[in-house]
There are 2 protein chains.
Amino acid sequence: MRIGLKLKGLDYDYVGVDILGGEQHKPAYRAVNRQRLTPALDLGDGDVMTQSLAILEWLDETHPEPALLPGDARTRARIRAMAMVIACDVHPLNNARVGRALEAMDVSPVRRAKWTERWIIDGFQTLEPMIADHGRGFAFGDTPTLADCCLIPQIYSAGRLGVSLDPFPAIQAVAVHAAAHPAFIAAHPDLQPDAIHA
Amino acid sequence: MRIGLKLKGLDYDYVGVDILGGEQHKPAYRAVNRQRLTPALDLGDGDVMTQSLAILEWLDETHPEPALLPGDARTRARIRAMAMVIACDVHPLNNARVGRALEAMDVSPVRRAKWTERWIIDGFQTLEPMIADHGRGFAFGDTPTLADCCLIPQIYSAGRLGVSLDPFPAIQAVAVHAAAHPAFIAAHPDLQPDAIHA
């Protein structure tokens, strides 16, 4: 969502929520987002939007340039499908609440790490040929789209978890390209006010 | 996806894939969808679309009436967010491949059942107040939207698993309403060619 806002050149106040510390369950955040998941976008007029992809679609409808979903209906479907490989089939399986649920079922830390890695690799295996077919710098074509808004944060996460990108040269090329783009630089987790620096 | 096709009045050939029997891993289906997840929509001209929500968005762009995403940008964002509570935060955690992954980590059948139930209840708890606020027969307003295309199959699934809808009167009302709508009747799993009848 941060990447989308930066791509559109929109200003916003960033409020970090300490997920590992359980801050999303406290009344202050529940008042913003009943589902207690991040992110949420407070529009400042009493309306709060939830669900990353729904927020990104709204951004693209209300601020059409530069387009996160360029092209005809089939192209848009293909870009959305790439985004959803990450947003539906990788991210929800690896977020903090799922990790805690596995822990509560006595799944060992080694198995939990394998679980996380498995879904990332599975998603990247799906995306790799799609990007090889359609990417020209970014995941689809030569400008950032909804697909990159989902893929790039997942690449950061893979890096933190030590998942190798060696089997995924097309994804690696997108990572290199995004690392030089101002919106992706500005939205990088390490640059946020609540970043934890080792 | 079936509901969306029926709502748009579109004809299609249904090809069942036996997920529990592992048919999605066989070459015939892998040739259609590299990710080996269902559904996929074969357009018959060499192009195959994947990811339910991407297919539904494409349907709505190419066949605008009746609209699955009616209204202004904020309304559309709210409908998409409701759809994604199911499509991102419930369904991916409960599909067959996740069940097998839990089994492979020696998670007991009782705990696997609780896991499935937990994510459904969590999602329904999020949706219930959203539907209470915005639903008038269907999940958002008085016509079926993208939200119902995701919610109704999840309600069927909750029924099969014995998850009670008692705590969710707004969701129950939508279920009753959809049960009388021709598109939802025609798309019901029990009416598909590969339905298993007890």
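This is a predicted model: local features need pLDDT of at least 70, side-chain atom pairs count only at pLDDT 80 or more; totals for chains, interfaces and linings use all residues.
## Symmetry of the pair

A rotation of 180° superposes chain B on chain A, with 0.0 Å of shift along the axis and an RMSD of 0.0 Å. That is the relation of a two-fold axis. In chain B, the residue that comes closest to the rotation axis is B:Cys88, with its C-alpha at 2.3 Å.

The interface follows this pattern. Of the interface residues of chain B, 100% are also interface residues in chain A, so the copies meet through the same surface.

## The interface between chains

Chain B puts 47 residues into the contact, and chain A puts in 47 residues. The two chains bury about 4400 Å² between them. Carbon and sulfur atoms account for 54% of that area. On the chain B side, B:Arg74, B:Arg97 and B:Met105 lose the most area to chain A. Together they make up 14% of what that side buries.

One of the salt bridges joins the side chains of B:Arg97 and A:Asp122, at 3.0 Å from N to O. Several elements of chain B each supply at least two residues to the side that touches chain A: β2 (48-50), α3 (52-62), α4 (73-89), α5 (91-94), α6 (96-104) and α7 (109-134). The most comes from α4(B), with 12 residues. By class, this side of chain B holds 25 nonpolar, five polar and 17 charged residues.

## The domains of chain A

Domain 1 gives 12 residues to the contact and domain 2 gives 19 residues.

## The interface between domains

The domains of chain A bury about 1200 Å² between them, 74% of it on carbon and sulfur atoms. In domain 1, A:Ile3, A:Leu7 and A:Leu53 lose the most area to domain 2. Together they give 47% of what that side buries.

One salt bridge crosses between the domains. The side chains of A:Glu57 and A:Arg80 meet in a salt bridge at 2.6 Å, N to O. On the domain 1 side, α1 (2-7) and α3 (52-62) of chain A each give two or more residues. The most comes from α1(A), with four residues. The classes on this side are seven nonpolar, three polar and two charged residues.

Notes
Residues are numbered from 1 along each chain as its sequence is written. Chains are lettered from A and ligands numbered from 1 in the order in which they are written. Side-chain values use heavy atoms; hydrogens and water are left out. Contact means heavy atoms within 4.5 Å. Buried area is the accessible area (1.4 Å probe) that two parts lose on being put together, summed over both. A salt bridge is a side-chain nitrogen of Lys or Arg within 4 Å of a carboxyl oxygen of Asp or Glu. Ala, Val, Leu, Ile, Met, Phe, Trp, Tyr, Cys and Pro count as nonpolar, Asp, Glu, Lys and Arg as charged, and the others, Gly among them, as polar. Copies are superposed by least squares on the C-alpha atoms of residues with pLDDT of at least 70 in both.
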